[in-house]
Amino acid sequence: MPVKTSCPYCGVGCGVIASTDKAGAVSITGDPMHPANFGRLCSKGSALADTIGLEGRLLSPVVDGQEASWDAALDLVAEGFVRTIREHGPDSVAFYVSGQLLTEDYYVVNKLAKGFCGTANIDTNSRLCMASSVAGHRRAFGSDTVPGCYEDLELADLLILVGSNAAWCHPVLYQRMMAAKERNPACRVVVIDPRRTATCEGADLHLPLRPGSDAVLFNGLLAALERANAVDGTFVRSFTTGMDAALASAAGQTVAETADICGLAEAAVDRFFDWFIRTERAVTLYSQGINQSSSGVDKVNAIINCHLLTGRIGRPGMGPFSLTGQPNAMGGREVGGLANQLAAHMDIDNPLHRDIVQRFWGSPVIADKAGLKAVDMFDAIADGRIKAVWIMSTNPLVSLPDANRARAALDACDLVVVSDALRYTETTRHARVLLPALTWGEKDGTVTNSERRICRQRPFLPAPGAARADWKIVCDVAQRMGFAGFGYANVAEIFREHAKLSGFENGGSRGFDISALETIQDRAYDALAPVQWPATSEFPTGAPRLFESGGFFTADRKARFVPVTPRAPQSATSRDYPLALNTGRIRDHWHTMTRTARSPRLMLHVFEPCAEFHPEDARREGLENGALARLSSAYGTMVARVTVTPEQRRGCVFVPMHWSGEYAGEARINALVNPATDPISGQPELKHTPARAEPYSPKWHVFVLSRREIEAPAGGYWVRGRMERYFRMELAFDERPASWRDWAHEQLGLAEAEVEWIAYRDPGAGRYRYAAVRDGRLEGCVFVAPDHKLVARSWLSSLFTENPLSPAARMSLLAGQPVDAREDIGPVVCSCFGIGRSQIATEALKGARDINDIGKRLKAGTNCGACRPEIARLLHVGTQDAQPA
Ligand code: SF4
């Protein structure tokens, strides 16, 4: 029976249908009826079926490295938390949770922390992604409320994407925008981002502003709107306060001043302002480029100010729109998963709200002050203020800034408990107690996407081993700690309680209200269709838009303009660290790769950690496209493959956030990232760390392809991944083994006599190639060179499908390049059809005119569409391959 559920990756929240055949094989398709995606999935969503095997799973509790019973593990956790609270007070314990948790999981852990342990030391990895938007919403609207919906993006005549590479990070939504633009030629798209990202392919105007200058740009826009008399006086008078102070903060900033400070051409700024002034239906979408900043909250309010001034909010096709990163970042906020919130959008510093929540829960205590936010929480773990921490479904030793310090903090902590689906992550390796949790496909509950839409995640796989749902693990511990109120029969019962609390003594004063669902029965909950909150007696089926006629959730029900004084990033570049390091996502990976690295096709797009440099910076630092570079900051170092591209802004370097010690040596970019945070939201400045780069040139460069898994070396540069029929490892190191041949045997795990060896040696040039063949089939190969210019890898993958290897294939192995018509496709661009850059380049040379033409010739870009911007970019500018294919 096909099961309808939701994608576990980004905040678009696409609906998927999981079908399991008689042999147990799962296939995933987009849900054509789901209002987020109408059947579309991006490359990550399409590859979900690849990611659900049990390999690497944590299937039983582990205590001190040994398997343990649930009773023993739960007793240890409960006893440890009770004892720590008794001896050191409630703030000596903490919970660090995740936007990957379902709302019901989130609800019970927040209840346990704030209502029963009596601490607000519960924070979430959403702090790294959404906290500035939350704080900006609350300052402007009095509540953390996204005013609009996805349909607005299709109805708009002007889409402004600020600090958002939506083409890669929210691909299905981006495709919806591009399709709408095609239908509506009047629609213009502006991208505001220091980098020319894939998102710019669909843009009419790209503003590559100076990093961190977004608030200057939007203050400039505010001043321009006033000058152009584009103020909606009725809306401003009726529904807002504080306009004069906000305008004064923009201080009549001219276009020329704005352009100068932002490092932009005056004409481009003028054009953007003119389009905004003249276009009623305008949506400003923003994401991590705005949020991950030491002045992220001000940037959010600078954007919202422009929409309040023009009254462009809450009506079709207009409004500020925060794109959430994670699948349930918003659900976590609804239940108070952040350290400075109570459940159901109530305020921890409001005594009335504390009283409401405590009475509703019947709890012995209620946390009465904000807890420690993520970065501060790990500081408190490091200095011993927090002595017991429970981490759920997240990998902070890879994702937190100053990640080496976070690692040292966990090592110094008395009791580290980690609930996770995987046995080995960077973080689970530092836990005393591991609790096996269910993961996507097994879990049951709800998530809320970027447009306030609550959607079901339904199980279609059995719970493996001894793994349990997160909500169940939390309730088991809570009951062992002696707390009542955690005896839920099922997840629907938790949802009902959550819905009931949202309406409890609300009276329309709080934005988050889903009380229409508080009596939902188990079967109706199971069948719950996606619904946008609020869901109340007034809006029983949800509300797509809010605030058209005011009704903000401040005391006087009016929105607040917020005066913004732009600030530069907290840490400035210097002679020692001249580059501004910017981190982010790439198209086919997600967070710390614990799921996406399981999919061979997702590994094909970008295999190695990379660092993108402007050509002039690369020249100055002596960096070569495709070679390796060591990046350093005041906090740490890492090694990455260099990409030289004019699409990078001069003086900046971009590095993806994904690689951890499980997949690569020296590749955790967050070890370099400075721990500066926004003073209001506590969100780290992940987009701006002063850094430097230098060539990293080990004497030997090697790749290994093998049917057997390859052991990671203890040091040096290495990256590994599972491909479709083999494992791949890239290495670079200084020390030459005594015999390359013996070393190759060792890497492939094959003895000399076991297999037939094809060997090529050129000691003078330092090039060696070894291939092992057994029963006519390629078992693996090792290629060695004294520089990074090793042969392409992609054509070799086709040899693993040949049985027996043809004479031409054997000759190709010796020659180090195809000697037949075998194609070297280059790095894969279209994951769905396995189409590489070289193939697209070849078709372009043969006259392919545009992306649709490429689609007809190669099928590339005709399925999920996530690669379409990249294909378009290749056709426009071409790109030299930096990643070894
Ligand atoms: S856009 Fe892609 S990653 Fe995001 S929810 Fe949809 S399918 Fe999943």
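Biologist: How are residues numbered, and what pLDDT do local features need?

Modeller: Residues are numbered from 1 along each chain as its sequence is written, and side-chain values use heavy atoms, with hydrogens and water left out. As this is a predicted model, totals for chains, interfaces and linings use all residues, whereas side-chain atom pairs count only at pLDDT 80 or more and local features need pLDDT of at least 70.

Biologist: Is strand β31 largely enclosed or left open by the rest of the structure, and how many of its residues are buried?

Modeller: Helices (H or I, at least four residues) and strands (E, at least two) are DSSP runs numbered from the N terminus, and β31 covers residues 767-774. Buried means under 20% relative accessible area, exposed over 50%, and partly exposed in between, with a 1.4 Å probe and protein chains only. The strand is largely enclosed by the rest of the structure, because the number of buried residues among its eight is six.

Biologist: In which sense does β30 pair with β31, and which residue is the bridge partner of A759?

Modeller: Two strands pair if DSSP finds at least two bridges between them, and β30 (residues 756-762) reaches seven bridges with β31 in the antiparallel sense. Four residues lie between the strands of this hairpin, where G766 takes a positive phi near 70 degrees. Within β31, the bridge partner of A759 is Y770.

Biologist: Which residue in the turn between β31 and β32 has a positive phi?

Modeller: Strand β32 (residues 777-785) pairs with β31 in the antiparallel sense over seven bridges, and A771 stands opposite C781 of β32. The two strands form a hairpin with two residues between them, and the turn residue with a positive phi, about 50 degrees, is D775.

Biologist: How are α28 and α29 oriented to each other?

Modeller: Axes are lines fitted to C-alpha atoms, for helices over the stretch in contact, and angles run from 0 to 180 degrees between N-to-C directions; α28 (residues 837-845) and α29 (residues 851-858) pack at about 110 degrees with axes 11 Å apart. Their contact (heavy atoms within 4.5 Å) is made by Q839, I840 and E843 of α28 and I854, R857 and L858 of α29. Angles under 35 degrees count as roughly parallel, over 145 as roughly antiparallel, 65 to 115 as roughly perpendicular and the rest as oblique. The two helices are therefore roughly perpendicular.

Biologist: What is the handedness of the crossing of α17 and α19?

Modeller: Helix α17 (residues 374-382) packs against α19 (residues 403-412) at an angle of about 45 degrees, with their axes 8 Å apart, which means that α17 is oblique to α19. The contact is made by F378, D379, I381 and A382 of α17 and R405, A406, A409 and L410 of α19. A crossing is left-handed if the near helix is turned anticlockwise from the far one by less than a right angle, and right-handed if clockwise. The crossing of α17 and α19 is left-handed.

Biologist: Where does P534 lie, and what is the form of the peptide bond from W533 to P534?

Modeller: P534 lies in the loop between β19 and β20 (559-560). With omega near 5 degrees, the peptide bond from W533 to P534 is cis.

Biologist: Does S393 count as buried or exposed?

Modeller: Although S393 is not a glycine, it has a positive phi of about 55 degrees, and S393 lies in the loop between β14 (388-392) and α18 (396-399). At 18% relative accessibility, S393 counts as buried.

Biologist: What does E505 count as by relative accessibility?

Modeller: The place of E505 is in the loop between α21 (491-503) and α22 (522-526), and its phi is near 50 degrees, a positive value in a residue other than glycine. At 43% relative accessibility, E505 counts as partly exposed.
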